[in-house]
Structure formats: C-alpha cells, structure tokens
Amino acid sequence: MSTFLITFAVFVAVIAAMSIGYIIQKKVVKGSCGGLGAVGIEKVCNCPEPCDARKKREAREAARAEKLAAWEKDRIA
C-alpha cells in the first residue's frame with residue numbers, strides 16, 4: 001500500500017508542477033506540428049476500403065448536404 005501512496009504522491013506532484021509552470025508561462029495549449037499528415041497518414045483509418053458503418057455514415061452526410069443545398073437554393077430563389 002505504501003508503494004501505491006508514494007507513486008500517487010509523485011504523480012500528483014508532477015501534475016502540480018506542470019500546472020504551475022503552465023500558469024506562470026501563460027502559454028496557449030497547442031497541438032503537435034503537422035499531426036498525422038506529418039507521418040504520412042492521409043486519414044485516421046489507414047484502411048484501403050472503409051467499413052460498412054463508415055460508408056453508411058458518409059452516405060447520410062452526403063444526403064444531408066444535398067438536402068441542405070437544395071433547401072438553400074429554394075430559399076434564395
């Protein structure tokens with residue numbers, strides 16, 4: 001049990017030190033440089049063919065986009 005408490009105390013101390021450093025420096029939190037594109041991955045799922053659930057979701061999104069475009073066209077005209 002003492003090992004757990006010591007480990008927990010170390011983690012709390014490290015997190016506290018990092019948060020104090022962040023507060024003092026007043027820097028904005030930023031992402032990594034380039035993300036997945038920097039390592040040559042073009043999409044999150046590096047599969048050659050998307051799964052059926054993804055195909056259905058993309059079809060729904062495309063249908064929604066078409067419906068929205070048609071609605072805006074009718075609204076403007």
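Analyst: The chain has two helices and zero strands. Please keep in mind that this is a predicted model.

User: OK. What share of the 77 residues is buried?

Analyst: Buried residues account for 0% of the 77 residues in the chain. The chain exposes about 7500 Å², and carbon and sulfur atoms supply 66% of that area.

User: Let's look at α1. How many of its 24 residues are buried?

Analyst: The count is zero, and α1 is hardly covered.

User: And what span should helix α1 have, going by its residues?

Analyst: Helix α1 covers residues 2–25, which is 24 residues; at 1.5 Å a residue, it should therefore span 34 Å. Its end C-alpha atoms are 35 Å apart, which agrees with that expectation.

User: What follows α1?

Analyst: K26 follows α1, and the phi of K26 is positive, near 55°.

User: Which residues form the nonpolar patch on the surface?

Analyst: The patch consists of M1, F4, L5, F8 and V12. Together they have about 590 Å² of accessible area.

User: Where is M1 placed, then?

Analyst: M1 lies in the segment before α1. Its relative accessible area is 75%; because this is over the 50% cut-off, M1 counts as exposed.

User: Switching to charges: which residues gather in the patch of positive charge?

Analyst: K56, R57, R60, R64 and K67 gather there, on the surface. One of them, R60, is found in helix α2, which comprises residues 52–76.

User: Where do R54 and E58 lie?

Analyst: Both R54 and E58 lie in helix α2, four residues apart, which is about one turn of the helix. An α-helix has 3.6 residues a turn, so residues three or four places apart point the same way.

User: Last one: why are R54 and E58 each called partly exposed?

Analyst: The relative accessible area of R54 is 35%, so R54 falls between the 20% and 50% cut-offs. E58 is partly exposed because its relative accessible area, 36%, also lies between those limits.

Note on methods: Residues numbered from 1 in each chain as written. Predicted model: local features only at pLDDT ≥ 70, side-chain atom pairs only at ≥ 80, totals over all residues. Heavy atoms only, no water. Expected span 1.5 Å × (residues − 1). Buried < 20%, exposed > 50% of the residue type's maximum accessible area, 1.4 Å probe, protein only. Patch = residues over 30% accessible without salt bridge, like charges linked within 9 Å, V, L, I, M, F, W, Y side chains within 5 Å. Areas by Shrake-Rupley, 256 points an atom, 1.4 Å probe, with all protein chains shown as cover. Salt bridge = Lys/Arg side-chain N within 4 Å of Asp/Glu carboxyl O. Lys, Arg positive; Asp, Glu negative; His and termini not counted. Charge placed at Lys NZ, Arg CZ, Asp CG, Glu CD.
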